[in-house]
Every structure is written in structure tokens, then in C-alpha cells.
Amino acid sequence: RDPQKGFGGRRVSLLAGLGGQRFFSEAARDGLFPPATLGGVEVAVRDDLGHGLAWGFDFALGGGNGQLRLPGVDPIPVRFTEAMGGLSLWGDVRAGPLTLSAGGRLAFVWLSRSFPREVDLPEQYFFTIAPGLTGAAALRLGARVSAVARVRVSYLFYNVDRNRSLGFAEALLGVEYALGD
């Protein structure tokens, strides 16, 4: 069986990768959501809903360090941790060994901030959803293996204290493996 043709036309694959996340707003990066490094996995099912259509679910975990800047106070170190899962639907366009993809995604995001013990601030948690767009390019390296570069742009609903909903971007480089019989 050809792994590129999959199960009765349907193709299932597993992607693992490493990337980063950055919020567009500089004010949000100053203590709320510093840039983060993320590691993630994704299961994708292609040609299941129709030729060229795909869906998948993903999970990522990571974090970063930054500084909380408050008026009249020295910057406070902050550790940022994130767990994210999402569901995506996208279209694939194949051109030889290259596959380009574009679609939509709904992510479920859990965020945490912690501070040094000498600072009298409690650990903080936040859970929200983040709708967004996704795009990727995959280069087939063999019958089952592809190198993948993916970018996502999302909108985070954040209304703690006041509405500060804002956008962020993620980029990932990874390896995708087509599962066989």
C-alpha cells in the first residue's frame, strides 16, 4: 500500500515540532504574555472530508520568561507557562513534493504566570479560546516523511480587569510521518 494514498483515500499522519509564539501587542508582552517556546504534536487526517480537505487536532506545551512592568515598581521577573490544544480544518494543494495548506483553527488555551518567592504575588491562571487561521508548507522527503513549516495567527479573548483581547502568532518547524497499515 502507498502511504501517500492512505486508508481508502484517507491519509493519517503524525507531526511533531518545535516553535515559538509572540503576541503582537508590546504592552501584552510586558508581563502578561512574554514570547514563548512551544513543543507540539498534531494528528492530521487528509482527504477524509473530500479531496484536498483535511482536519486535525493538536497539543502544544511551553513557556517563557519575562518581566512584569508596573508603574512606580522595579520590573518583576515572571515565568509564563502555556498548554494549548486545538481543532483545525484546512485545504491542501499539492504541487509535486510540495503541499501548501490554509485553513481555520479553534484553540483552547491555558496560561499561567508565576513570580519569584520573594515577591508577594500569587500564581495566576487563565483559560480561554482563540480562533485563528493556519497556513503550512510541507516538503515530502520520502514515502512517509515530510518537513513542515507552519504559521498560525490567532485572536485571544482576554477580559481580566478590562477587555484586552489581542492577536498572536505561532511558527513551527517539524517532521510529519504518514502512518501506514
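1. Rings of Phe, Tyr and Trp (its six-membered ring) are taken as a pair if their centres lie within 6.5 Å, with planes under 30 degrees apart counted as stacked, over 60 as edge-to-face and the rest as tilted. On that basis, a search of the whole structure finds four aromatic pairs.

2. This is a predicted model, in which local features need pLDDT of at least 70 and side-chain atom pairs count only at pLDDT 80 or more, while totals for chains, interfaces and linings use all residues. Residues are numbered from 1 along each chain as its sequence is written, and side-chain values use heavy atoms, with hydrogens and water left out.

3. The rings of Phe-23 and Phe-168 have centres 4.9 Å apart and planes at 35°, so this pair is tilted. Phe-23 lies in strand β1 (residues 11–23) and Phe-168 in strand β8, so the pair ties together parts that are 145 residues apart in sequence; strands here are DSSP runs (E, at least two residues), numbered from the N terminus. Phe-23 counts as buried at 2% relative accessibility, and Phe-168 counts as buried at 1%, where buried means under 20% relative accessible area (1.4 Å probe, protein chains only).

4. Phe-33 and Phe-80 form an edge-to-face pair, 6.1 Å centre to centre with 75° between the planes. Both Phe-33 and Phe-80 are buried, and Phe-23, Phe-33, Phe-80 and Phe-168 form one aromatic cluster.

Key
Helices (H or I, at least four residues) and strands (E, at least two) are DSSP runs, numbered from the N terminus. Buried means under 20% relative accessible area, exposed over 50%, partly exposed in between (1.4 Å probe, protein chains only).
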